[in-house]
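Subject: Structure handover and notes

Dear colleague,

Please find below the structure that I am handing over to you, followed by my notes on it. I would be glad if you could read them with the coordinates open beside you.

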Amino acid sequence: MLAEIKSINDECGVFGIWGHEKAAELTYYGLHSLQHRGQEGAGIVVNDGIELNVHKGLGLVNDVFKDAKFDQLQGRVAIGHVRYSTQGEKVYENVQPLLFRGQKASIALAHNGNIVNAYKLRGLLEEQGSIFQTSSDTEVLMHLLKRDGQDVNEETIGNALNQLVGAYAYLILTENKMFAALDPTGIRPLSIGMLGNAYVVASETCAFDQIGASFLREVMPGELITIDDEGIKSIRFTASNQRRMCAMEYVYLARPDSNLNDVNVHASRKQMGKELAKEAPKDADIVIGVPDSSISSAIGYAEESGLPYEMGIIKNRYVGRTFIQPSQELREQGVKMKLAPVRGIIEGKRVIMIDDSIVRGTTSKRIVQMLKDAGAKEVHVRIAAPPIQNPCYYGIDMSTRDELIAANHNIDEIAEIIGADSIAYLSEEGLERAVLKGDSLNQGLCMACMNGKYPVKEIVEKEVVYSSY
């Protein structure tokens with residue numbers, strides 16, 4: 001059986017830099033900008049020119065590195081990682097980057113995504129003598145790379161990657177090279193930038209802005225990048241497919257100041273709101289958004305509808321994302337701590353509340369009730385994405401189908417469950433109009449959690465095989 005997964009959670013974030021005297025410090029700042037992608041653990045591996053050294057731990061970036069001695073993390077090369085576990089337990093051993101030391105060489109790995117045939121590969125590798133030190137799917141790649149004592153190079157990395165099924169953005173660091181790789185469908189984001197003469201690789205371009213680097217280009221699906229002191233080169237380790245960037249990156253996961261696949265996240269969310277206003281208009285007094293990821297869509301909805309946008313809900317900046325809490329009870333309590341209605345704005349008003357998604361519906365129910373308790377005359381919920389009806393196997397910790405409210409109830413039932421006067425979702429076509437630019441091979445969205453069309457040939461998890469297109 002599939003392991004039960006909880007709700008929408010970020011997957012992970014990776015950052016790497018080659019050729020800068022302050023590589024560790026810059027990686028620290030880069031990880032800060034990617035903190036929204038994972039809050040369970042963080043780590044940095046630095047190449048000091050002789051060996052690889054690691055500092056990592058459980059918790060937020062600030063907590064992990066508050067006592068770090070950066071003068072002992074010297075080197076011109078580093079990779080870093082922030083983690084939310086989709087595969088593997090929340091334990092120190094699973095915090096990345098994973099560092100493996102050998103008699104001849106060492107290697108470090110950082111991974112964003114999910115290897116859905118990891119369980120099968122792990123079993124085969126164990127039968128051949130591999131001994132795993134973690135429960136993370138990331139470690140599988142290491143054993144594939146070093147099987148039979150082979151060297152780590154473009155050929156062996158390509159051969160190993162071609163055995164993986166799923167979504168992945170990898171950073172691989174050896175003592176003389178850094179590699180970056182993206183899965184053949186390009187489900188997860190990965191970009192290359194430059195800071196002076198140094199090369200930078202990150203999950204989101206907001207990390208470049210954080211350290212003053214300039215964007216160079218995206219890593220393409222099926223591409224393996226090699227960076228060393230001689231520069232940068234690229235090979236295709238497999239034929240690339242039609243790109244299917246994760247739609248939830250645009251809807252919820254990415255920071256609004258990031259550009260993904262040459263599309264600004266804030267601009268795409270604002271356009272989602274405009275498309276939603278065209279598809280699901282409603283006579284009301286004000287439009288509000290659920291902070292933070294829904295604000296852009298709420299602004300777009302207000303502009304398109306001609307209704308005033310108001311700050312009807314404020315956010316306590318000192319409370320983390322509610323879904324990170326380890327139990328549903330704590331998640332629900334987190335909503336009260338995190339969000340508060342602005343009574344003077346919403347009292348006596350017919351409110352259109354814009355949100356980015358509904359998973360179980362429990363959080364939406366509490367927010368709707370909170371608005372009505374504060375005097376809202378009506379609350380009409382508008383979701384700036386299609387209904388989430390299917391699990392994600394590509395790196396987002398999404399609930400099982402039984403727990404997804406849209407998979408088990410129609411629109412009227414959902415409105416009744418969450419206490420809204422009405423509810424409407426953005427269509428798949430509306431989402432595509434808001435995000436995609438043209439019809440090139442590099443444009444396309446994975447909306448498997450919305451429409452069940454999984455863009456990988458097979459979905460394999462333990463004994464269960466899911467067919468897809």
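Helices (H or I, at least four residues) and strands (E, at least two) are DSSP runs, numbered from the N terminus.

Before the rest, two remarks on the source are needed. This is a predicted model, in which local features need pLDDT of at least 70 and side-chain atom pairs count only at pLDDT 80 or more, while totals for chains, interfaces and linings use all residues. Residues are numbered from 1 along each chain as its sequence is written, and side-chain values use heavy atoms, with hydrogens and water left out.

The chain as a whole has 16 helices and 25 strands, and 57% of its 469 residues count as buried. Of the contacts (heavy atoms within 4.5 Å) with a separation of 6 or more, 69% are between residues 24 or more positions apart.

Strand 17 runs parallel to strand 20 (residues 350–355), and four bridges join them; two strands are taken to pair if DSSP finds at least two bridges between them. Ile-286 has Val-351 as its bridge partner in strand 20.

An open sheet of six strands, with antiparallel pairing, has the order 5-6-7-8-12-13. Its edge strands are strand 5 (98–101) and strand 13, each of which pairs on one side only, and neighbouring strands are turned by 20° against each other on average, direction ignored. Within this sheet, strand 12 (residues 223–228) has six of its six residues buried: Glu-223, Ile-225 and Ile-227 point one way, and Leu-224, Thr-226 and Asp-228 the other. Strand 8 (residues 178–182) pairs with strand 12 over four bridges in the antiparallel sense, with Phe-179 bridged to Thr-226 and Ala-181 standing opposite Leu-224. Strand 13 (residues 231–236) pairs with strand 12 over six bridges, again antiparallel, and a hairpin through two residues joins strand 12 to strand 13.

Helix 4 (residues 138–146) lies across strand 5, strand 6 (106–115) and strand 7 (166–173), running at about 130° to strand 6; axes here are lines fitted to C-alpha atoms, for helices over the stretch in contact, and angles run from 0 to 180 degrees between N-to-C directions. Thr-138, in helix 4, counts as buried because its relative accessibility is 1%. Leaving aside residues up to four places away in sequence, Thr-138 touches Gln-96, Leu-98, Leu-109, His-111 and Tyr-170. Thr-138 and Tyr-170 are 32 residues apart in sequence and 9.1 Å apart in space, C-alpha to C-alpha.

Finally, helix 8 (residues 265–279) packs against helix 9 (residues 295–305) at an angle of about 45°, with the axes 6 Å apart. The two helices are therefore oblique to each other, given that angles under 35 degrees count as roughly parallel, over 145 as roughly antiparallel, 65 to 115 as roughly perpendicular and the rest as oblique.

With best regards

Notes. Buried < 20%, exposed > 50% of the residue type's maximum accessible area, 1.4 Å probe, protein only.
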